[in-house]
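Dear colleague,

Please find below the structure that I am handing over to you. My findings follow directly after it.

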Amino acid sequence: MKTKLSAICCMLAMTAFVTVALPSCSKSDDNNEQVTPPNNNGGNNNGTTNTDPEGTQDMALKVGNTKSVINGVTWVNAQYNLTGGMIASLGKVSGLGAITSIPKTGWQTAVPISIGVGYVIYNEATEVFCRIYIVAQDGEGYHVKYQVPFRGAEEDLRFSSSEVSFPAEGGTQELTIANSSIIPFTVSSSEDWCEVEKIQPGTGVKITCKSATIGFSCNTTITLTQSSSSKSKTLTVKREGIVPNAVDMGLSVQWCDRNLGAINVEGVGSYFAWGETEPKEEYGWGTYAYGSSETNVKDIGMVISGTQYDAATNKLGEGWRIPTRAELIELKNKCKWESTSVNGVDGYRVTGPNGKSIFFADKGGYTSGRTPSYTTSRFYGFTANRDYAHLSKAEWFFIFKNNNNGKIYPAISGGNYVGIDRCDGLQVRAVKGKPYSDAESYYTKSGTISGHDYVDLGLSVKWATCNLDANNPWDYGGHYAWTSSINTWGSSWRMPTKEEMEELLTCKIEWTIYHNSGGYRIIGPNGKSMFLPAAGMAFNPDDKPSDMDAEAEYWSSTYYKNNYAYQFFISWDENTSYGNQTPYVWNSNTSYRYPIRLVTK
C-alpha cells in the first residue's frame with residue numbers, strides 16, 4: 001500500500017510538471033510562428049531577498065507593443081525577446097538590488113526575457129544605463145522593476161595606459177578601461193586634431209588623431225568624467241610633429257626640404273591664402289580674412305616674410321618664413337633642375353651650387369573653392385611679395401612645368417596673368433635665415449645735386465643712386481613710355497645716352513639682393529658700386545610690371561627708328577631667349593614702359 005501511494009504521488013508530481021511546461025501560444029509579428037513565453041507560470045515572484053534600491057520603479061512591459069518601452073528604447077517583441085538598444089543578461093538574481101555593477105561583456109541587441117532574471121540595458125542615444133528585474137508574468141506582458149539611470153559600482157576610472165602616442169601621420173587607437181565593470185562616463189578632448197568617442201556601451205575610448213599638417217610635436221588632454229559624480233580622469237595624447245629639414249644649398253638662405261604641411265618630401269602639403277596662417281576647407285573671397293572682393297582688400301604690406309601674416313613663421317617658428325620673390329628667383333636661376341621621382345611621385349630635383357638638393361612634387365596646383373586645380377604638372381607657391389600694381393590680385397608666385405620640348409621651366413609670375421587672386425589657396429615652400437642684403441657699405445654716394453645723390457663709377461658720367469620717382473636705391477620707381485628727356489629733377493640731371501649706357505657693359509655686373517629686391521651690383525673701373533634694381537617692365541599702361549627681381553630694363557635718351565628707342569637690358573634668367581644673362585643695349589618699342597636711371601656730368 002505504501003508503494004502504491006508513492007507511485008501515485010510520483011504520477012501527480014509529473015502531471016504538475018507537465019502542466020507548468022505547457023506552452024501558451026502567441027503569434028509572431030514576423031512569421032506567424034507559435035512562440036512560448038519563457039517561465040510563463042502565471043504566478044508572482046515577489047519574494048526577492050534584496051531590498052529595492054532607492055529610485056526603483058514598477059512597470060508593466062507589454063509584449064509586442066513598441067510603445068511599451070523601458071529606458072526609452074527597450075521593449076519585448078513577439079518572440080519574447082528584450083530588444084532595442086544594448087542589453088546584457090545577468091542570469092537569475094535575487095532582486096533588483098542584487099544588480100550592483102554594469103558588465104563589460106555579454107552585450108547583445110536582443111536577449112530572451114525570463115522571470116527572475118536581471119538585465120542591464122543601455123540607450124546609446126542618451127548614453128543612459130538602466131537595471132531591470134523581471135518580477136512575474138503580468139497579463140499580456142511582464143511585471144518589471146527597474147532603476148534609471150543606473151550608475152553601477154562606485155569606483156574610480158582606471159585606464160589601460162596613462163599616455164597615448166601617435167606618429168605625425170596620425171591614426172586611430174583604442175584605449176580600454178581597466179575597471180572590471182563599466183563606470184558610466186563622458187569623454188572630451190581639448191584639441192580639434194584629436195577626436196574621441198566612447199566605445200559603446202563604455203568599455204573604452206576610441207581616439208582618432210588627425211595627421212599633423214605643420215609644426216612641432218604637440219599634446220592634448222583627454223578628460224573622462226564619471227556620470228555619477230564630478231570625478232574626472234585625464235590622460236595625455238601626444239602627436240609627433242613634422243620635423244622639416246633646412247637644406248643649405250649654397251644660396252643666400254636655406255630651403256625647407258618639403259612643402260608647408262607635408263608629412264614627407266613628396267607630399268603636397270597644405271594650401272594657404274596670401275597672408276593667412278591657417279589652411280581651410282574652402283578658398284575664395286567669401287572666406288578670405290583680408291578682403292571680401294577685388295574692390296575691398298586690406299593692404300597688409302608689400303613683403304610679409306617673417307611678419308604676423310607669414311604662415312611659415314606661424315607654423316614652424318621663428319627663423320622660418322615665406323621666401324621673397326628675389327629668393328625664389330635665386331633658387332630658379334642658380335640651381336640645376338632635373339626631372340626625377342621620389343617614392344613613386346614625379347617631380348623635380350633642384351640642386352644648388354654646393355651640390356645639395358631639395359625635391360618639388362609635380363602635383364598640387366592651387367585651389368579656388370574646394371577642389372585644387374592642376375593637380376598634376378604644377379606647383380603654385382606664394383612668395384612674400386605683394387602684387388606691385390594690383391592689390392586684389394594674387395601675390396607673386398612660383399610655378400614650374402615642363403616646356404620647350406621637355407625642358408624644365410620654373411617661373412616667377414604674377415596672378416594678373418592667370419587670374420589667381422590673393423584669396424585663392426597656394427602651397428608654401430619655406431626658407432630659413434634672415435633675408436640676405438648687400439651691405440650698405442657697397443653703395444656709398446659720391447655727392448648730391450639738387451637734393452639727389454649720385455655715385456662716380458669712374459665713367460664719363462655720374463649715375464644717380466636711385467631710379468626716377470624711387471624713394472631709395474632698391475625701390476623700382478616709375479615705369480614710363482619713352483620720350484627723349486624724361487626728368488623731374490631739374491638742374492644737370494638727364495636721361496643717359498645709348499653710348500653712356502654701353503659704358504655700363506664694361507663694368508663688372510653681378511646679380512644680388514638688396515633690401516629684399518633682386519637686382520644688379522654694377523662695379524665701375526674705380527671699384528665704386530651702384531645698385532640697379534631689376535624693376536621689370538610693362539607692355540601697356542594698365543599692365544602691372546613683370547619680371548621684377550630678375551630683369552633690369554632701362555630707357556636711354558637715344559631714338560632708334562620706327563617708334564623704337566635704345567634701352568639697357570640685363571636678365572638673370574637663363575631660360576630667356578635674350579642671351580643667357582648677358583647685358584646689352586638694344587632697341588625697344590617706345591610704347592613699352594621701363595624705369596629710368598638719370599645721369600649727370
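This is a predicted model: local features need pLDDT of at least 70, side-chain atom pairs count only at pLDDT 80 or more; totals for chains, interfaces and linings use all residues.

Which order do the strands of the open sheet of three strands have? The order is S35-S36-S37, and the pairing is antiparallel. Strands S35 (551-561) and S37 (584-589) form the edges with a single partner strand each, so one side of each has no neighbour in the sheet. On average, neighbouring strands of this sheet are turned by 35° against each other, direction ignored; the axes behind this angle are lines fitted to C-alpha atoms, for helices over the stretch in contact, and angles run from 0 to 180 degrees between N-to-C directions. Strand S36 (residues 564-571) pairs with S37 in the antiparallel sense over six bridges. Tyrosine 566 has asparagine 587 in S37 as its bridge partner. Two strands count as paired if DSSP finds at least two bridges between them. Helices (H or I, at least four residues) and strands (E, at least two) are DSSP runs, numbered from the N terminus.

Residues are numbered from 1 along each chain as its sequence is written, and side-chain values use heavy atoms, with hydrogens and water left out.

Confidence and overall make-up

The average pLDDT (the predictor's confidence in each residue, from 0 to 100) of the protein chain is 85, and 84% of the residues score at least 70. Over residues 1-34 the pLDDT stays under 50, and the model has 21 contacts beyond four places in sequence for them. Over residues 575-580 the pLDDT also stays under 50, with eleven such contacts in the model. A contact means heavy atoms within 4.5 Å.

The protein chain holds four helices and 38 strands. Of its 601 residues, 50% are buried; buried means under 20% relative accessible area, exposed over 50%, and partly exposed in between (1.4 Å probe, protein chains only). Among contacts between residues at least 6 apart in sequence, 59% join residues at least 24 apart. Helix H3 (residues 325-334) is mostly covered, with nine of its ten residues buried. Among these buried residues are Arg325, Glu327, Glu330 and Lys332.

Aromatic pairs

A search of the whole structure finds 17 aromatic pairs. Rings of Phe, Tyr and Trp (its six-membered ring) pair if their centres lie within 6.5 Å; planes under 30 degrees apart count as stacked, over 60 as edge-to-face and the rest as tilted. In one of the pairs, the ring centres of tryptophan 474 and tyrosine 514 are 5.3 Å apart and the planes stand at 85°, so the pair is edge-to-face. This pair links distant parts of the chain, 40 residues apart: tryptophan 474 lies in the loop between strand S31 (462-464) and helix H4 (498-504), and tyrosine 514 in strand S32 (residues 508-514). Tryptophan 474 is partly exposed, at a relative accessible area of 23%, whereas tyrosine 514 is buried at 2%.

Tyrosine 514 also pairs with phenylalanine 531: the centres are 5.2 Å apart and the planes at 65°, so this pair too is edge-to-face. Phenylalanine 531 belongs to strand S34 (residues 529-533), 17 residues from tyrosine 514, and both residues are buried. Ring pairs link Tyr442, Tyr443, Trp474, Tyr514 and Phe531 into a cluster.

Charges over rings

The charged end of lysine 498 sits over the ring of tyrosine 566, 5.1 Å from its centre. Likewise, the charged end of lysine 198 sits over the ring of phenylalanine 185, at 5.0 Å from the ring centre. The criterion is that NZ of Lys or CZ of Arg is within 6 Å of the ring centre and within 35 degrees of the ring normal.

Phenylalanine 185 has glutamine 226 in S13 as its bridge partner. Strand S13 (residues 218-226) and S10 pair in the antiparallel sense over five bridges. Both strands belong to an open sheet of four strands with the order S8-S14-S13-S10 and mixed pairing. Its edge strands are S8 (163-166) and S10 (185-189), each pairing on one side only.

Yours sincerely
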